[in-house]
Amino acid sequence: MLHEFSIDVPYKEIQEVTDLLNAAGIYNLYYETPIEIVKVQNGYGYEEKQDQQIELKIYASDLEVENLPEAYYPLLESTLSIPRDAIKYITYDETNWEQSYEFEDIDLGNGWVIKYPNSQKQYDDKQVLKFDPLAAFGTGLHETTQGCLRMILDRDLTGKSVLDLGTGSGMLAIAASLKGADKVVAVDYEDVARELYHNAELNSLTNDLEVVQADLITGDYTIDKNYDLILINIGANETKSIIEKHDLLKNSQDFFISGLVEWHIDEIIDTFEKGGFAIKEKSQKNEWVSIYFSKA
């Protein structure tokens, strides 16, 4: 049995409260930081709301602590100097505690569907990109990913070489491979090889797929080869930094740039236009923009 105790705490006091609980030998704590989403230059950011009350949850298991819940009530009361009626309490069956999140398949509206491992659906009239979201960023749910995916999946990349910068879970690299790319290099700051090769196997890919772990902005990694297509699905500031650091516009005639917000695309457009590129395609969903730049 899993026991959950919860108390209301001013967020500005949460560190003091958790320190007290830790000192008393209570470590299994959970709370959600109260935030307010705000627009920033490169997309969205957040501000922590210091004055808000939050719910601090404290967990204990019968497997680890005897005589619950009574063993915890006096400990919480004395440690935090609160009355018993300030403590809410419920229990859970531990066997049902961890539930895996199931994603709904995504129809991209162009004859392609992102199909997740839990899906039993059959798509006889559509092409399928099988995808298993693991630890890395990139589930296919975000508008930026879908915008860039459509650009990739609408094109024949047979025999082409593709560079995917900031690949995350590798969905764009997988899509390029499915569209016939002969060589795909996927680069990310995190070690995402396991995720990417796992999803490549799900799609029965046999092309040359290389995963590189590197810091594209401050690291020693350099991009010294040319590619038929370069993909970047991150924020505008990061994209601009990568382009400048690697003098990237010399490495391809074609770029799919996504992860952009409508109020912060002028600098990116200006950078490409100064490099001799023009906008060949532009798509937008809500405030998120994807652009295909091509050099004449």
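Start at the crossing of α6 and α7, which is left-handed (the near helix is turned anticlockwise from the far one by less than a right angle). This is a predicted model: local features need pLDDT of at least 70, side-chain atom pairs count only at pLDDT 80 or more, and totals for chains, interfaces and linings use all residues. Residues are numbered from 1 along each chain as its sequence is written, and side-chain values use heavy atoms, without hydrogens or water.

Select residues 236-246 for α6 and 266-274 for α7. Helices here are DSSP runs of H or I, at least four residues, and strands are runs of E, at least two, numbered from the N terminus. The two helices pack at about 25°, axes 9 Å apart. That makes α6 roughly parallel to α7 (angles under 35 degrees). Axes are lines fitted to C-alpha atoms over the stretch in contact, and angles run from 0 to 180 degrees between N-to-C directions.

Now show side chains. A236, T239, K240 and I243 of α6 meet E267, I268, T271 and F272 of α7 (contact: heavy atoms within 4.5 Å).

Next, select G166, D188, Y189, E190, A214, D215, L216, I217, I234, E238 and I242. They line the second largest pocket. On a 1 Å grid for a 1.4 Å probe, a pocket is an open set with protein on both sides within 12 Å along at least five of seven lines; lining residues have an atom within 4 Å of a point.

Go to L68 and P69: a cis peptide bond, omega about 5°. P69 sits in the loop between β5 (53-61) and α2 (73-80).

Finish at S81, in the loop between α2 and β6 (88-92). Its phi is positive, near 55°. Most residues other than glycine have a negative phi.

Methods:
Angles under 35 degrees count as roughly parallel, over 145 as roughly antiparallel, 65 to 115 as roughly perpendicular and the rest as oblique.
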